[in-house]
Amino acid sequence: MTDQLIAFTYLSIVATVAGVGTISLRSPVHCALSLVIVVFHVAGMFVLLGNGFLAAIQVIVYAGAIVVLFLFTMMLLDLRRHEQERTVHRRQIWLAIPIAILLFVEIGTIAVTKPEISEGIKGSFSPATISDLGGSAQALATVLFNEYLLPFEVASVLLLAAAVGAMVLARNPDEDALASVPDMIQDASGLADGDGGQEAESVEAPSAPSRDG
Amino acid sequence: MGIPLNAYLLVGAILFSLGTLGVLIRRSVLVIFISVELMLQGVNLTFVAYSAFLEDMAGSMFAVISLTVAAAEAAVGLAILVALSRRVTEFYVDRLDSLKW
Amino acid sequence: MVSVPWIIPLLPLMAFLINGAFGPRYLKKATGYIASAGILGAFIATVALWADGVGPDTPDHILYRWVTSGSFEIEIGFILDPLTVIMLLVVTGVSFLVHVYSIGYMAADESIARFFTWLPLFVFSMIMLVLSNNFLSLYMFWEMVGVCSYLLIGFWHQRRSASNAAVKAFLVNRVGDFGFAFAIILIFWNFNSLNYSEVFAAAPDKSTELMLVIALLLFVGAMGKSAQFPLHIWLPDAMEGPTPVSALIHAATMVTAGVYMVARMRPIFEMSAEALLIVGGVGAFTALFAASIGLAQTDIKRVLAYSTVSQLGLMFLALGAGAYTFAIFHLATHAFFKALLFLGSGSVIHAMRDEQEMTQFGGLWRRMKWTYFTFLLGGLALSGVFPFAGFWSKDEVLGSAFFKGVAPGGDWPFTVFWTMGLIAALFTAIYTFRMIILTFHGRPRNAELHSHAHESPAVMVAPLVVLAVGAVVLGAVVGFPPEDGFIHGYLSAIPGIVHFEGAGDLTAVISLAVISTAIAAIGIVTAYAIYSRRQPSPEAVAALAPGVYKVLYRKYYIDEIVNFGIVGVTKGIGLILWAIDAKIVDGIVNLTGWIVRSISTVTRRLQTGQVQNYLFLVTAGAVVSVGAFVIFG
């Protein structure tokens with residue numbers, strides 16, 4: 001009881017402070033690192049809530065993948081050039097702060113007043129059931145691969161599309177070897193139905209300079 | 001479970017509102033992205049808290065999906081950012097106003 | 001039935017399609033032969049149809065159902081009766097000769113393919129117009145005839161006057177078509193059918209007033225197409241087209257449409273005595289009016305044009321008198337001798353290097369003997385000299401008016417109309433021989449042109465000869481004995497075409513014939529007396545009565561009246577309406593635009609193009625909706 005309270009208090013305070021840091025620190029790198037702190041402490045709350053598996057995923061995906069991706073991007077961009085810039089949108093800040101506070105008041109009101117969990121609406125995954133199944137990973141898997149198989153597959157397609165999209169968007173069209181893929185296909189087909197390699201070469205020769213010009 | 005649900009929800013609300021504020025006031029596209037991730041943290045926390053208190057795995061399920069979306073969004077968004085910075089060498093959103101009129 | 005009626009329109013249509021598709025690039029001069037062959041085929045098919053013995057009871061030949069809407073049906077069908085056959089014979093026969101003639105006349109024109117594209121289409125439209133068995137397709141081909149005439153009158157569209165004439169013809173016809181369209185709408189409204197047979201069957205049950213209105217509206221259409229006063233003004237200007245086109249318009253394919261239409265609609269016109277009286281009155285007036293104008297014109301084609309208007313007036317006089325047979329008879333003979341005269345004048349114009357003014361002609365008969373003799377025969381026929389074609393038909397037309405006037409129960413105004421017709425006949429004889437004398441006799445007034453004059457090629461002379469034979473004998477062959485000849489018997493088989501009531505009175509008939517022959521003789525002698533002795537120029541004759549001459553020469557100032565009265569007023573109204581439109585209507589529109597623009601100068605500042613401003617608005621919206629949930633939910 002008290003352990004949990006202490007843990008929760010610690011986690012929530014650090015998460016909030018780190019959250020404030022995330023949006024207020026000057027350097028984007030510091031912002032990203034603050035986000036890592038938030039992520040870790042939210043993961044801790046997941047553990048408090050008895051969902052160890054999701055906590056692990058949270059740390060791996062956010063801290064391990066997303067934030068690292070951010071840091072990589074920052075590395076690609078020349079951030080020092082922008083060090084003298086203002087970080088805050090000054091014209092909007094006087095409107096944005098009140099509206100954010102208002103939003104917080106509203107959501108907070110809901111968070112504090114509304115939720116009342118009665119026994120009747122509870123689902124079938126009580127902590128006892130979860131431990132019977134062998135832990136939160138097993139419980140999540142039971143649901144994920146039975147009830148939510150289709151959304152799971154859709155999510156995997158989404159990830160694939162994002163991976164391909166990111167590659168397509170981020171490549172440099174001028175020097176990218178991928179630009180010659182159609183030509184490569186053409187050459188390959190010329191090899192396939194031609195009598196020999198010589199004819200294919202003669203096809204290839206004029207097509208090569210055309211894509212540069 | 002001694003900590004009431006409301007406490008978790010309140011932390012979620014704090015994180016979400018902070019994220020919103022960050023999206024609204026920061027000029028750098030990167031930091032705006034990070035703020036969006038912060039908002040997602042708040043949402044995820046709410047999902048998982050409800051999942052635990054309702055004793056239903058659907059909430060955790062949504063947290064997983066939301067993680068997926070966050071990852072995809074970060075990948076695509078940052079790729080756009082790289083492409084953008086290559087073309088206009090600019091990532092302060094208040095200067096990118098060619099959508100005007 | 002051996003013959004197939006759809007062949008008749010099909011062949012000209014095919015000629016049109018072939019010449020239209022391949023003419024300009026591949027066929028060029030061959031288009032003339034293709035078109036002529038198509039028309040000849042149509043003529044032969046018509047003869048076959050005639051030989052089949054088409055009677056009044058021959059059922060309509062239905063090609064296909066065009067529109068089926070509930071109980072309302074429109075078919076593309078052919079009406080086959082003696083009236084149709086006579087019209088088809090005239091149309092295809094004369095058209096064929098005109099086509100052959102055109103091969104020679106248009107040989108030097110570089111747009112010959114275009115000419116022979118529109119010419120068969122013109123004939124096709126007219127054939128379909130005659131064959132139509134319902135009002136809708138009648139109207140459709142009525143319009144197509146108008147379009148073709150527009151295209152052909154404006155054939156030499158490089159000439160400003162030609163394109164103006166084409167537009168004028170089109171617009172004046174439109175006035176008539178307006179009435180025609182209105183009549184058709186009224187017919188559909190009241191009869192719920194557009195089929196001739198159904199409408200005619202139901203016509204006697206309707207009120208006289210309704211029939212009067214419908215008949216008059218139909219007559220307005222006929223006036224436009226057949227150039228009756230005051231819608232005659234387009235026809236003389238239509239001279240701007242190539243001469244064969246004029247021949248076609250005047251003889252076969254256009255102006256006869258109005259006469260045919262009134263004859264076809266006789267069950268409707270019969271329902272209203274007033275309508276017939278108006279038809280006859282307009283016809284008689286036009287006959288006299290146009291003939292008097294013809295006296296003073298110096299353009300050879302213009303004389304012929306007013307002659308046509310005048311002769312058409314006579315046809316309407318006969319229609320008004322209820323003598324449909326005579327009207328169609330006169331239409332047929334007139335088609336021959338008017339085509340002859342036009343083609344003859346074309347031959348002269350051709351020889352005189354496109355000069356049309358008679359003041360430049362004179363003494364041509366030695367150089368163009370064939371043209372001269374055929375032209376003379378046509379002139380005799382037009383003047384109504386015994387025994388040429390015009391005599392028989394014109395005599396009967398005037399006779400019908402006379403008997404209609406004096407017969408017991410007849411309408412006395414027709415006596416007046418008869419007098420007007422007689423005077424018109426006198427004028428006709430005078431201007432015809434004035435034209436012949438000025439053109440072919442006397443000393444050459446333009447020696448240079450005269451020295452180059454030559455006879456036209458055989459391809460142009462041959463149709464003249466054929467037409468001349470027709471102009472000489474046609475009246476006697478089909479119209480003898482008077483009022484009981486072949487054409488009368490053939491047409492009177494149609495129920496409702498009355499055999500004329502005065503036919504029995506032999507003394508009256510003979511005395512009328514004597515009168516009209518005497519009048520023709522007086523006219524010819526007058527013309528000879530004025531223009532041949534001592535060979536005065538037309539200007540010298542004009543000087544005898546300058547006022548009258550001027551009025552006649554200016555065609556009673558009808559064009560000027562139309563220009564200032566109608567066109568000017570229309571333009572004035574248009575200017576006023578334009579001002580209203582430009583200032584008030586456009587002002588309102590501009591004001592709306594200005595208001596919107598003023599508002600948007602303010603509101604477009606919302607569109608900053610900055611993502612965060614938009615995001616802010618999104619957040620604000622979220623705050624509002626969540627707030628609503630907190631407070632009310």
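# Close-ups of a predicted three-chain model

**Figure 1. Chain C in overview.** Of the 633 residues of chain C, 52% count as buried. A residue is buried if 20 or more other C-beta atoms lie within 10 Å of its own, exposed if 12 or fewer, and partly exposed in between, with C-beta atoms placed from the backbone. This is a predicted model, in which local features need pLDDT of at least 70, side-chain atom pairs count only at pLDDT 80 or more, and totals for chains, interfaces and linings use all residues. Residues are numbered from 1 along each chain as its sequence is written, while chains are lettered from A and ligands numbered from 1 in the order in which they are written. Chain C has 26 helices and two strands. Helices (H or I, at least four residues) and strands (E, at least two) are DSSP runs, numbered from the N terminus. Take contacts in chain C between residues at least 6 apart in sequence: 81% of them join residues at least 24 apart. Two residues are in contact if their C-beta atoms, placed from the backbone, lie within 7 Å.

**Figure 2. Confidence in the model.** pLDDT is the predictor's confidence in each residue, from 0 to 100. Chain C has a mean pLDDT of 79, and 89% of its residues reach 70 or more. Where pLDDT is low, the predicted coordinates should not be read in detail. The model scores ipTM 0.89 and pTM 0.61.

**Figure 3. Helix H4 of chain A.** H4(A) covers residues 90–113, 24 residues in total. From first C-alpha to last, H4(A) reaches 35 Å, close to the expected 34 Å. That expected span is 1.5 Å times one less than the number of residues. H4(A) bends by about 30° at Ala96(A), and Pro98(A) follows within four residues. The bend at a residue is the angle between axes fitted to the seven residues ending there and the seven starting there. Buried residues of H4(A) include Ala96(A), Ile99(A), Leu103(A) and Ile107(A). The buried residues of H4(A) pack against helix H1(B) (5–25) together with helix H26(C) (611–632).

**Figure 4. Where the chains meet.** The contact between chains A and B takes 74 residues from chain A and 64 residues from chain B. H4(A) gives the largest share of the chain A side, 11 residues. By class, that side has 55 nonpolar, 16 polar and three charged residues. Ala, Val, Leu, Ile, Met, Phe, Trp, Tyr, Cys and Pro count as nonpolar, Asp, Glu, Lys and Arg as charged, and the others, Gly among them, as polar. Between chains B and C, 10 residues of chain B are in contact with 10 residues of chain C. The chain B side there has five nonpolar, two polar and three charged residues.

**Figure 5. The nonpolar cores.** A nonpolar core is a set of buried Ala, Val, Leu, Ile, Met, Phe, Trp, Tyr and Cys residues joined through C-beta atoms within 7 Å. The largest has 206 residues, and Ile127(C) is among those with the most contacts inside it. Leaving aside neighbours within four places in sequence, Ile127(C) is in contact with residues including Ile8(C), Ala42(C) and Leu88(C).

Figure 6. Tyr260(C) and Arg264(C) are among the buried residues. Pro204(C) sits in the loop between H7(C) (196–202) and H8(C) (208–225). Pro204(C) counts as exposed because it has 10 C-beta neighbours inside 10 Å. Pro267(C) is 63 residues from Pro204(C) in sequence, but their C-alpha atoms are 8.1 Å apart.

**Figure 7. Two residues with positive phi.** Glu55(B) has a phi near 55°, a positive value in a residue other than glycine. Its place is the loop between H2(B) (29–54) and H3(B) (58–88). Glu55(B) is buried, with 20 other C-beta atoms within 10 Å. Ala227(C) also is not a glycine, yet has a positive phi of about 55°. Ala227(C) lies in the loop between H8(C) and H9(C) (234–237). With 32 C-beta neighbours inside 10 Å, Ala227(C) counts as buried.
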